[in-house]
Amino acid sequence: MNGLDEQMAPQTFLYGCLLEAGKEVIFNPEDDDLEHQLDLRMACVDLNTKDELHTVEVEGQDTEGQKVKAVLVSLKPSTLPSVCLGGFTITSPAIFRLKSGSGPIHLSGQHLVMMEADQSFDEEEDEEE
Amino acid sequence: MNGLDEQMAPQTFLYGCLLEAGKEVIFNPEDDDLEHQLDLRMACVDLNTKDELHTVEVEGQDTEGQKVKAVLVSLKPSTLPSVCLGGFTITSPAIFRLKSGSGPIHLSGQHLVMMEADQSFDEEEDEEE
Amino acid sequence: MNGLDEQMAPQTFLYGCLLEAGKEVIFNPEDDDLEHQLDLRMACVDLNTKDELHTVEVEGQDTEGQKVKAVLVSLKPSTLPSVCLGGFTITSPAIFRLKSGSGPIHLSGQHLVMMEADQSFDEEEDEEE
Amino acid sequence: MNGLDEQMAPQTFLYGCLLEAGKEVIFNPEDDDLEHQLDLRMACVDLNTKDELHTVEVEGQDTEGQKVKAVLVSLKPSTLPSVCLGGFTITSPAIFRLKSGSGPIHLSGQHLVMMEADQSFDEEEDEEE
Amino acid sequence: MNGLDEQMAPQTFLYGCLLEAGKEVIFNPEDDDLEHQLDLRMACVDLNTKDELHTVEVEGQDTEGQKVKAVLVSLKPSTLPSVCLGGFTITSPAIFRLKSGSGPIHLSGQHLVMMEADQSFDEEEDEEE
């Protein structure tokens, strides 16, 4: 890891996943040295999506290290087929699933890979819990 | 707290809450050394949300340190089931509630935790009031 | 003002206002040492807003120091009850008003307070006019 | 220009324009020493806008220095009266016009004025063409 | 390349493309020394777009260097004629196409050109695969 600048910009890759009823999508890249993050940009319906309300749930971690669920977006083909998520940042590990609706629903955005910048901060946080 | 860089990026956690009529959600993490902030990304209805106009109010502080209320978003399941809030920054303490509608309405975003960066600025502000 | 870093992040407060026909809202905090700015995030209708098209106008200054008017957003309760303004930056002084519609319409966002960073640049601009 | 920091933040002014069929709006501030840029935030219809699809076209320059046209946004009063443009960056010179629809359509955002930062880069680009 | 600052801001150009059924749009500028990136801002329908659901697909690379497809946005003229993409970052090479619908659909945004900043990081990544 020598020669790498701490302030280096993250590398950007394309991310896309498809959510269907009863199927979870897990974001948890295994990596020793690099930090992974999603910047979610868009959620949208497909041509095959049934005309009902679809709600997308994400499960991650709160500041206490506990599991927390949040509803990202609600979509219905005839009312609102696409929504900008505006760069919703998801840190790994996270799980996406449909809370209602049978899908499919598309999520897309950027998969960012960067050096772990605040390792000393992380360790201190763990000690304080 | 030794060894921590002042320009360290904030840590990002998942935030989600559910608003229902007559129930306030308070954002006020107790923490001696760290600053907490919400970057709200999305507001959306649920499958169980009644088809009426829902308005979400947030109560926080203005520049004088006085209580101020602002209406964040208005949603109606059949017209606009989701709205991107675009990273609306909420500093603690803050209270969320429904101003109209019976809910439930979901808010989601990032909970940021960072070192208090501008402590000297805060103190000076207080003296000027 | 000693001990303050030029690159200090601005302080963030909650901002909200209510626009009604025939009533202007002025943003012009009086302050000797600090710079004030609005980052508008959301515009939305209220439960009491009549179902007609509402257009919100802002009056500020262009690069020549002349008054300029811009239309921020158009809302109609039954078509589009909320719109994300995406961090529309308003520098003081500015005036908000309804150009059409009787209201009420809510504007909300962040009120940022920061040190005047580019004073020398300002002075040079004035001389060039 | 002595005493000015290269990393100085741009100055922010209000920008607004009105597009009507057959009328072009040109963005091309004449300035020797300063760089001008638009960060477009919103496009919206007016109370007088006819209920038909309006598409807004912008003409600027691509990486080869050639004219390029792009369609910014499509609006219809009864379907979508306002759209957030999310900070669409327009560098001068640029021309806005309606590609379809009779208007009027409002564009608004920030007019940024800054020092020319990358002059040496510009020159190198020109030599490579 | 002498005299160029590593932290230099990217140069911004206008980008626009038109998607029609059966026609791919490729983003893959050939350039030895510069890095190219798209920040997609808007997707919208045209006056001639048929009133059916259009889904836009982008094909790029994931973190493993494998081809990955993501659905950017779904549009229908009578429901949602424009969507803000919020600065969806696309790195070259990438391919855009309609997954459903006959088009035309407009994509627009910024084409950014910058110096390759993290060359040493890239090389290391390649070795690790």
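A polar contact is taken here as a pair of N or O atoms within 3.5 Å, where, within protein, one atom must be able to donate a hydrogen and the other to accept it, and where residues adjacent in sequence count only if both atoms are side-chain atoms. The structure is a predicted model, in which local features need pLDDT of at least 70 and side-chain atom pairs count only at pLDDT 80 or more, whereas totals for chains, interfaces and linings use all residues. Residues are numbered from 1 along each chain as its sequence is written, chains are lettered from A and ligands numbered from 1 in the order in which they are written, and side-chain values use heavy atoms, with hydrogens and water left out.

Between chain C and chain D, seven residue pairs, both members at pLDDT 80 or more, are found in polar contact across the interface. On the side of chain C that touches chain D, two or more residues each are given by β4 (54-61), β5 (67-75), β6 (82-91), β7 (94-100) and α1 (119-128) of chain C, helices (H or I, at least four residues) and strands (E, at least two) being DSSP runs numbered from the N terminus. The largest share of this side, eight residues, comes from β6(C). By class, the residues of this side of chain C comprise 13 nonpolar, twelve polar and nine charged, where Ala, Val, Leu, Ile, Met, Phe, Trp, Tyr, Cys and Pro count as nonpolar, Asp, Glu, Lys and Arg as charged, and the others, Gly among them, as polar.

In total, 34 residues of chain C are in contact (heavy atoms within 4.5 Å) with 33 residues of chain D. The area buried between the two chains, that is, the accessible area (1.4 Å probe) lost on putting them together and summed over both, is about 2,700 Å², of which carbon and sulfur atoms give 63%. One salt bridge (a side-chain nitrogen of Lys or Arg within 4 Å of a carboxyl oxygen of Asp or Glu) is found across the interface of chain C and chain D; K99(C) forms a salt bridge with D46(D), with the closest N and O atoms 2.7 Å apart.

In chain E, an open sheet of four strands has the order β1-β8-β3-β6, with antiparallel pairing, two strands being paired if DSSP finds at least two bridges between them. Strands β1 (11-19) and β6 (82-91) of chain E stand at the edges with a single partner strand each, so one side of each is left without a neighbour in the sheet. Strand β3 (residues 34-45) of chain E pairs with β6(E) in the antiparallel sense over seven bridges, and T91(E) in β6(E) is the bridge partner of Q37(E).
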